Amino acid sequence: MIEKTISNIVAEAFNAIYSANLKPKDVLIQKTRKDFQGDYTINVFPFLKISREKPEITAGKIGEYLINKLPELKDYNVIKGFLNIVVSDQYWITFLNDHIADQMFGRRQASGENPTVIEYSSPNTNKPMHLGHIRNNLLGSSIAEILKAAGHDVVRVNLINDRGIHISKSMLAWQKWFIGITPSSENLKGDKLVGDCYVKFNEELKSQAEDLMRSGVEKGEAEKNAPLMLEAQEMLSKWENNDPGVRELWTKMNAWVYEGFEKTYKRLGVDFDKVYYESDTYLLGKSIVEEGLKQGILIEKEDGSVWADLSEEGLDEKLLLRADGTSVYMTQDLGTAQLRHDDYHPDKLLYVVGNEQNYHFDVLKIVLKRLGRKWAEDIVHVSYGMVELPHGKMKSREGTVVDADELMDEMYHSAEAMARELGKAADLNDNEASELFETISLGALKYFILRVDPKKNMLFNPEESIDFNGNTGPFIQYTYARIQSLLKKAEDNKMQANIDAFSGEIFPKEKEILKILYAFPATVREAAAELSPAIIANYSYELAREYNQFYQEINILRETDTEKAAFRLGLSLFTAKVIESGMKLLGIAVPQRM
RNA sequence: GGUCGCGUAGCUCAGCUGGAUAGAGCAACAGCCUUCUAAGCUGUCGGUCGCAGGUUCGAAUCCUGCCGCGAUCACCA
């Protein structure tokens, strides 16, 4: 990388001219701002202590040294303490020539080290997935792709929360009010049916609690002691005691849910290498807790409940086993972490989970560490922000939850309506058209969500998310499709991309694109280090935007100088490849035409 | 109340490992299709980077305090 070379030589220059002791990493190199001449800029202000000269003089000497040392540099200029360096056009042209056929551009070979295990999605089986799960799924699968591209071995895992009090609620509701009803009898996705059961339970519970409150019981107590709640708890106990009837119903209803989830995952393009079920792991969690109890690391209270006292770490006490011996969320997570460690001995254990659970993961790491698991250090909570709606948070009680399947349907219809309005689908057959609408609508949705820094809360405005202009997925897809059309025409005209033959001046816009392309590998590495698909999204947008400007102002196929035309064709081809790679890292497909 | 996070243009977001005049998109307005896809391009308008201090040659960026918003502190997950 030329940035690195320049840093090296700048350090060398200071050491030679001023007898300093600079290391290359002390030299910060940045891109030159658009309104100045040059490609890279070094600010010499920090080094004036060393040179004891005016900034202009220091910068001039360093610039001179660089130019003499590095033939790929053409020129330099100095403005105040800023040394702007101009790289020769030939350097960029050679870069393009070297990589135009490079299928691995921006990707590293897998390292062969221990894998990174990344968990995402982690749905509960009591209701369908919603917008929040979409952000989770998209982040998780994109981060997995980015890590792979950066040379990590990655194992993508899902942890399905298939047991617990919430599942019991849906089961109980089915027994009481949905008996005999199945997904096929209702022609309903299984996860939706089970979700309906869950909603029904909560409605009935609420009315029971209200009855109790009318007879003078306090609100919290009313909900706890309502007959339905007691029944649900009893059901959970029966489940843990392997009651055959309860287990049978549980298996049946979960199977419905998995079938429904599978459809949603498939449409979203989300996939896993391994699926864990909490029903398989919670016992391991329990045994870890018992082990900790024996070692005196955990405490048992009079009622039999087990706790971790984390007051030393500035946290509270945390429940690990209920008084009735059933396990809670944390218990299960201890077990799954252990299991995952045993299965893969991972380098890093990533958990893509919302930031509302920051505390949970702090506790998880501390408890594991206390229990002597050194690898607790390798647990990374990829904490992402909440998705908010224009009217505030999603609340199931207020019916403002955005259902994942419905959202994808709506996006599809918008894409179709827009395409038909613009006459884009006129000569496509039904299959081609629906494939295109699907590609575009999912591109819009995924890009809309992934372009935001994962750590931040984001606002999901349904109207803006189906916008296909400006900083959007479809804009980037369109740029790709445009280039494909160009390449097709070139082929028809017997024109070929060829960089070898070209040597000459390039336009600023061409150079700008080449510099962005050049930065792709470093961008992938940065995105991997930051665990941030947003970095790839913003990069891809910038590339597409610059390309569209180039396309608009400079002739490609119409260029009469065949060498120039061949070069521009090559530049276009490579831009399309990098756009495709970038979009792939986001899980977004690109259409051949649109 | 304790802890953690966030606050950049009317709106949605970049920029944040300190550096030149803080960038995009949307919205609004004005232009560009006889020529490679107008889901595009060009221009105009729009900012006390929440407020106040501090560190520094230099702060949207680092530190402290305050204000505002959010999350969390469950025998929920």
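**The surface near the RNA**

Modeller: In this predicted model, a polar backbone atom of Ile556 lies 3.3 Å from a base nitrogen of RNA strand B. Ile554 also meets the RNA through its backbone: an N or O atom there is 2.7 Å from a base nitrogen.

Now the elements. Those that give two or more residues to the surface near RNA strand B are strands S2 (40-43), S4 (82-87) and S14 (458-459), and helices H6 (165-177), H15 (404-421), H18 (473-492) and H21 (533-553). H18 gives the most, with seven residues.

Next, the whole surround. RNA strand B has 62 residues around it. The closest are Asn161, Asp303, Asp316, Tyr478 and Arg482. On the protein side, the surface has 29 nonpolar, 16 polar and 17 charged residues.

One element leads further. Chain A is assigned domain 1 (2-87), domain 2 (119-398) and domain 3 (407-585). Eight residues of domain 1 contact five of domain 3. Three salt bridges are counted between domain 1 and domain 3. Glu546 and Lys34 meet in a salt bridge, N to O at 3.7 Å. On the side of domain 1 that touches domain 3, helix H1 (2-18) and S4 each supply at least two residues. S4 is also among the elements listed for the RNA surface.

How values were computed
Residues numbered from 1 in each chain as written. Chains lettered and ligands numbered in written order. Predicted model: local features only at pLDDT ≥ 70, side-chain atom pairs only at ≥ 80, totals over all residues. Heavy atoms only, no water. Near = heavy atom within 4 Å. Polar contact = N/O pair within 3.5 Å; in protein donor to acceptor, adjacent residues only side chain to side chain. Helix = DSSP H or I, 4+ residues; strand = E, 2+ residues; numbered from the N terminus. Nonpolar A, V, L, I, M, F, W, Y, C, P; charged D, E, K, R; others polar. Domains from an automatic or database assignment. Contact = heavy atoms within 4.5 Å. Salt bridge = Lys/Arg side-chain N within 4 Å of Asp/Glu carboxyl O.
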